[in-house]
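Have the structure open beside the text as you read.

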Amino acid sequence: MQREQFDVVVVGGGGAGFAAAIEARSYGRDVVLLEKNPEVGGTTVWSVGSISASNSPHQIRSGIKDSPLHHWEDMPLFASHDKRMGKQGELAPPENGMLRKVLADNVTETLRWLMDKGIVFFGPMPELPNRKPRMHVVVPNSRAYIYHLQRHARKIGVDIRVNQRARSLLRDGERVIGVECADADGGRQEYVARGGVVLTSGDFSANREMKARYISEQAARIGPINPASTGDGQRMAMEVGAQIVNGRFSYTSLRFLAPVKQPLTQRIPPWPIVTKFIAWALDHLPQSILRPFVLSYVTTLLVPELRMFAEGAILVNKNGERFVDELDRPELALLDEPDQCGYAIMDDTTARKFSAWPYYISTAPGVAYAYLPDYRRNRPDVYACGNTIAELAQRRGIPAATLEKTVADYNQAAGKSGNTRPALVKPPYHSLGPIKYLMGFTEGGLAVNESLQVLGNDDQPIPGLFAAGGVGLWTKADSVTCFDDVAVEPLG
């Protein structure tokens, strides 16, 4: 077994990992960054890429007066806002107000730090319920983070190793002194840290055993958006006495499957000349010219609005059977259906309604709203249409006779016994799908303090061990706040 020594060992090559590695290297430390996959990126490349910040250069340039205090005050409002928008679940898990303040006080400095590395943002955009426009959107997409951070890290001398899966932490007494890894061929390597080990290996949304243990057996059945989020950092840290707190919370949602072919916005290279032009265009060109570009981005966010079911759409499985009341947590029922997938079916009356404001299929807040015609134009893999139910079924690969009976049975009950939902009677008929219920990330993480030192079961720091990003989000706290702009819910 080979052994190498560094000042700092960083485990995980996503955004948090690169930030930790770059900062350590900027202090003259000898740093290695370890990534288990053939390429770096982590969950960062799966993200939307927006950052909410106050007193940013973009706000100042736009004449917007804001403050970290107001940002801190607005964060908990997302919970009640999401409830009003009809999202499910207990939306405000217990979090530490100290960490919320750390975010509000430092996010603008982080934004400037990212800009200094060559990353370009446009905005600020409105983002309810924030009282001021605070959303800054990365250009051209979230891959720009890793492109520029990796480039800068290599330039200043960070040693980046891929295909290095961390297996266990090395200790000298109570102190963590390094990591043992396995490469793609099964070879073993030890990376010893003279200063400390930083875990930035993401959440455990792809670890079925951990989801069952900390959330529920039901949650264990929900597939992950990022299959590499296997909880390696949490597992290793717990082996040396760390603890996971608030592990029962996760972010889940119904989603359209991602396109097999990368959309335009994912193929645009994040070169400085390109990103600066896009940012300029977004600030200066008419919306009529920008809409095709922006909407190609929005329709790949893949999160359908459940409102379409309240307005007349139904949800069927791949066999053409309606299996749930669409207004009563349809995502949970979808787990029991073939391939855990379904299709939204609507007639032309509902389709026309969802072709204009305020009825949209999906949204990127403050950027644009995507309507049914946008999906017809940008997502032929998701959208289908037929002049008859049988024709629609044929185009979907669904048994026509079953779907015809499903729609007939639904229409017979529509408008009766207090059922106010409209019948599906006006052709042509439209469909969106497949739709799956997926887990974006788990919210619980290793207990850390304000210095991001990992805490043991006695709430004391474990010497030499740090955690950031999805692996070390939490500290113990009695306060209840909302740290982000997503619905966070306990399952089971």
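Contact here means heavy atoms within 4.5 Å. Helices (H or I, at least four residues) and strands (E, at least two) are DSSP runs, numbered from the N terminus. The model is predicted, so to speak of local features requires pLDDT of at least 70 and side-chain atom pairs count only at pLDDT 80 or more, while totals for chains, interfaces and linings use all residues. Residues are numbered from 1 along each chain as its sequence is written, and side-chain values use heavy atoms, without hydrogens or water.

Let's begin with the sheet. Its 3 strands form an open, antiparallel arrangement in the order β3-β5-β4, where pairing takes at least two DSSP bridges between two strands. β3 and β4 are the edge strands, each pairing on one side only. Between β3 and β5 there are 3 bridges, and Ser 50 stands opposite Val 137 in β5.

| Helix | Strands | Angle |
|---|---|---|
| α5 (residues 97-116) | touches β3, β4 and β5 | about 145 degrees with β3 |
| α11 (residues 272-284) | lies across β4 and β5 | about 20 degrees to β4 |

Now for the helix pair. The axes of α1 (residues 15-26) and α6 (residues 143-156) come within 10 Å and cross at roughly 25 degrees. The two are therefore roughly parallel, a term for angles under 35 degrees. Phe 18 and Ile 22 are among the α1 residues that meet α6, whose side includes Leu 149 and Ala 153.

Methods. Axes fitted to C-alpha atoms, helices over the stretch in contact; angles between N-to-C directions. Parallel < 35°, antiparallel > 145°, perpendicular 65-115°, else oblique.
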